[in-house]
Every structure is written in structure tokens, then in C-alpha cells.
Amino acid sequence: MADALMAKAAFYDLDGTLLSCNLVTMHAYYARNDRSLLKSIYQFTKVLLSVPLLFGLDLYSRSLFNIFSFRAYRGMHRDRLIGLSDDLFEVTLKPSIFPKAQVLIDTTRDLGYRNVLVTGTLDFQIRPVALHFGFEEVICNRLEFKDHVATGRVLPPLLAEKEKAHSIRAYAGQEGIDLAQSCAFSDSSSDVPMLSAVGHPVATNPTRRLRRIALERNWPILELRENSSTFPPFLKTVKAL
């Protein structure tokens, strides 16, 4: 019976999908909390000045956005990054969780899906989030460190755009997941490959571009910002006995 329940998975994007916070907000938190006041001011100013560029990169390519934004961590110590992750969650991430996010995650779990978080966010930032929501698995980006100091580069593969779909297919092959019976949730058009990899894609809090694509492809649209929103029909089936 356990094997049958694990035959399908629910793949979740994070920022914009389950919470309103984004990578830039996370960078700003680390920059503001450097041990050195002068360095903190310098790092935070750099983040603020980079916002227009990051916004433009995100519109053009999520991969380039990630590559550039992760450079902000260059020179930071691994212990410091990990040590601040719980505070980051409590102060910044937890308050930004959308009202119906936990209910959705609980619903897919109760219906027999293995909940998997698939995000371009970094591993040390994701741990408290995954624990809070109770995710069974996490697929995410990892920073490169040399002598416990971040180089500002990401260990391959860089998880973004088409790579998310590749990672999902690889994971499904390793774990015996039926993608045709699986579902995926994302807010961004950059995740169309990820959404297209499963039998039940759901445009969740979609951007204008993803909303248009979802309407063209007859994908369900879900707004987790609204307590009154209803889940797609495939999530309203009677639970297995």
C-alpha cells in the first residue's frame, strides 16, 4: 500500500508560489545582518543598487538572474549563512507564506502525493521552509564553498527553467514516480517546462504571462493569496481508503 501511495508526486516551486518573498529579499536579509556594521551597509547598498538589473534579468532569463544574484554571497562564511537561516525564515519567509499554501500541501499529501519542493533557492535557506511545510524531498541549488567561504558560484546543475524539468524527470526515474499522475505548482512562466512535465500542471498565483499560457493550454489557475479560492478538480477526489 505504501508503494502505491508513493507512485505520484506533487512538485512545488517556492517563491511566488507558496510565499511572496523572493531571492532578492533573502539576499537583502543576509546583507543587513553582516557582523561588521560597515560591511553590512556596503552589502545592503549593493543589493539595493542591483535590484533594477536583477528585475531585468529575471524577465529575460531566470538562469542568468540566479547566476548574478548568487554572487552576492561571495566571501560569506558557510557557518554564518547557515546560522542565519532560521532567523531568515522566522523574520522574512514565514510572514510571507500565502494563506492557503499549507492547506494545499496537506491536501496533496493526504491524497497520496509525495510532496517535493523544486526551487532555485539555496539549500541552507530551504531547510527551515521544508521543515515547516513537511516536505518529503527537496531539489534546490547549492552554493560552492572553498575553505568554508562562498565563492559566489553555484554547484552544477543550476536549477532553473528547463533544468527543473530535467531534475523532475530524473527524480521520477530514480523513485518510480508516475509523472502522468503527478502534479506541479508554479507562479512563473519560466517554469512552463516544469509544469509541462507532469499530467496535472497548475498555474499558482500566476504572473500575467503564465496566466495567458494557462488559459491557452486549459491549465487550472489557483490563487493561494485568497482564502476563498478553490482547488482544481483532481484535488477534490475522495481520499483513498
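## Basis

The model is predicted: local features need pLDDT of at least 70, side-chain atom pairs count only at pLDDT 80 or more, and totals for chains, interfaces and linings use all residues. Residues are numbered from 1 along each chain as its sequence is written, and side-chain values use heavy atoms, with hydrogens and water left out.

## Cysteines

The whole structure contains zero disulfides (a disulfide is a pair of cysteine sulfur atoms within 2.5 Å). C21 counts as buried, at 5% relative accessibility, and C183 is buried with a relative accessible area of 0%. Buried means under 20% relative accessible area, exposed over 50%, and partly exposed in between (1.4 Å probe, protein chains only).

## Aromatic pairs

There are five aromatic pairs. Rings of Phe, Tyr and Trp (its six-membered ring) pair if their centres lie within 6.5 Å; planes under 30 degrees apart count as stacked, over 60 as edge-to-face and the rest as tilted. F11 and Y171 form an edge-to-face pair, because their ring centres are 6.2 Å apart and their planes stand at 85°. This pair links distant parts of the chain, with F11 in strand β1 (residues 8-12) and Y171 in helix α9 (residues 162-175), 160 residues apart. Helices (H or I, at least four residues) and strands (E, at least two) are DSSP runs, numbered from the N terminus. F11 and Y171 are buried.

Y73 and F124 are also edge-to-face, with ring centres 6.1 Å apart and planes at 85°. Y73 lies in the loop between α4 (62-69) and α5 (78-83), and F124 in helix α8 (residues 123-133), 51 residues apart. Both Y73 and F124 are buried. Elsewhere, ring pairs join Y12, F133, F135 and F185 into a cluster.

## Charges over rings

The charged end of K8 sits over the ring of Y113, 4.3 Å from its centre. That of R78 sits over the ring of F145, at 4.2 Å from the centre. The rule requires NZ of Lys or CZ of Arg within 6 Å of the ring centre and within 35 degrees of the ring normal.

## Helix α11

In helix α11 (residues 208-217), the buried residues are L210, I213 and A214. They lie on the same side of α11 because they cover an arc of only 100° around the axis (the arc is that of the directions from the helix axis to the C-beta atoms). R208, L215 and E216 are exposed on the other side of α11.

The cover over the buried residues of α11 includes β6 (183-186), α10 (192-196), β7 (200-204) and β8 (221-222). Just after α11, N218 has a positive phi of about 60°.

Methods:
Contact means heavy atoms within 4.5 Å.
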